[in-house]
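Dear colleague,

Please find below the structure that I am handing over to you. My notes on it follow directly after.

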Amino acid sequence: MRRLLAALFLLGIFPAAARGDEALSVSDVWQVRSKSPLTVDGGLVLALPTALGTGLSSGVGAGVSYGRLLAWEARASWSTATESSIPWTVTQQDIKLRAGVALQHAFGRGRVGLRLGLGPTIVYESRLRNQGTRAELTGSALETSAAELFAAGDLQGVVALHVFGPWLLAVSGGPSLAIGSSGTVRGGWSSLVGIGWQP
Amino acid sequence: MTRRGSPGLAALLAAAGCGNVQGLGGPPTPLVTFNVEATGELSSLRPPGITDESLQVALVWGAQWQPEPFCFLDPTSPDLVLPTDTDPEASAPAAVMAAGCRDVFGFVPARADVSVPVTINGGAVALSLDNLPATDLLVGDVSLVAYASLVFYDDQNRNGTLDLSTAHPTKFGGRDNGDQQDTPDSPDVIYGASFLTMTEPDTRVAYLEGTFDPTAAFYPRADCPMAKWPPAGFSLLGTGGFDEKTALPEAEAGMLPPETDPSLCAMAMPVATVVPAVVTVAARAPAEVAEVSCLEQTLDGSTRYREPPADPIDFTGRLYTCAPLPSLGGASQPNLIQLVVTGLPTDHCRGLTHYTLRGCREDVACAVPDWDLTANPPAWWPCQPPS
């Protein structure tokens, strides 16, 4: 345990006030001190690419929520996926902006909830013609790019666990729906694994 | 769920020239497109019995092939004249060569690629390639090159593909006879090709990766003032061809024969993905150009010498001759005679079958033969050993 404490100390996770002369106790370290209705979280995003239809889009995301039982949320994420077919190698970047509400309840150190977010998803696509480089293609014959705006929504279950101090482990995931500018409707899923901070 | 989104952002994306994303869908854009036209008059060239036709132009990749030594020899050479007492029914080597050897400078196909319908004298059609030539079609190590001919043909079986044919070897004996396969000739009728032989003017499709190796002996062409070597990627090369009579001595001296008409040297490269030049393929008699659709059994230039079968070969309609083995660049076989048999006159492709009384499947000059019938040849064997 001393090694763990030493490691956490070196990582600067403990606030400066904890580095006093007083001896640290286990209960001090793991005590939950979150009282604010504000929560900020971020982490690794894994999702089905919005417009690619296959593969795994990975990236980062972050969000902020404010409230107790009913919380308002704003979230943003960026993720990318690359897949290939015989003629194409396609990379799509998904930029998701969401605003929504979360219904949540605390159980001891844990917190569960259901969040609904609505907002735009911008998909930026780069298509590389396979074999094009070998064939000496250049310009748009070799690579093209396009972007499309989707109106999208995510419904996610959220589980957060207070670990110590203001810090949480947060996991969320659920189905999503996106409607393209051409009217195409695409279903999918999205998830986030990360940490939260609730002062 | 209602349709949402930011109109301002959508307008911004539209103003940036952004369209809908396509993902992995959509048709592949061609890597290159050639414009080809077929010209001429078919009425006098059409084989008997052809009442309906489906004219097409196909891109056919070329094979690396070397003529078999027997066909490369001078038929008047004393080396080919056996001593006496050969079969009186046998033909002279020159006749067998004429009936069974393909043009030693001719284009040998390896694989037929895309094919598109064409109307004779109806203008150019676009022939697009969605894929590069396969690795086995590329010749070289650091520098990889492939050549193709644009073949004008009648797709008689309406399958949208140029079906290539092979010669029909006569039967042979030994363990190999179980592998012997024979496929019927393609019904497709060949009317022309942009690259038929190196001794005529040609327009060939070239594909190059790396820097061209001018010493490569793959359908070599003498330097042209306009285009010494094919550029990287796809291109069209035109050349005047060289004189067959001077080609062999020049080749033996390690040099490429000069172009007969340097003014025909030309090169065209794609603009974006389209080669703007139009390739014209003139219709000719099918008998003159059929060879451009004839595959070779072995592409390494090696002649396979076969074990004679126990049962007689049906020589009806075929020519055959008995001849010494040409020098194989190593061990000579002075006491070994080969029987060379042509195909039938009705065969789509010319070809020869070689038999020896002793040999191996891969090397006729092997030290330990797979078969040795020299002491007890088949009763029908027409060749007598040299006295």
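In which loop of chain A does Gln131(A) lie? Gln131(A) lies in the loop between β5 (110–129) and β6 (143–164), where strands are DSSP runs of E of at least two residues, numbered from the N terminus.

Please note that this is a predicted model, in which local features need pLDDT of at least 70 and side-chain atom pairs count only at pLDDT 80 or more, while totals for chains, interfaces and linings use all residues. Residues are numbered from 1 along each chain as its sequence is written, and chains are lettered from A and ligands numbered from 1 in the order in which they are written.

Most residues other than glycine have a negative phi. Gln131(A), although not a glycine, has a positive phi of about 70°. Glu136(A), also not a glycine, has a positive phi of about 65° and is found in the loop between β5 and β6 of chain A.

Is Glu136(A) buried or exposed? Glu136(A) is buried because 20 other C-beta atoms lie within 10 Å, the cut-off being 20 or more such atoms, placed from the backbone. Gln131(A), with 16, is partly exposed, that is, between the buried limit and the exposed limit of 12 or fewer.

The contact between chains takes 34 residues from chain A and 28 residues from chain B, counting residues whose C-beta atoms, placed from the backbone, lie within 7 Å. On the chain A side, β4 (88–107), β5, β6 and β7 (167–180) each supply at least two residues, and β6(A) gives the most, with seven residues.

Notes. Helices (H or I, at least four residues) and strands (E, at least two) are DSSP runs, numbered from the N terminus. Two residues are in contact if their C-beta atoms, placed from the backbone, lie within 7 Å.
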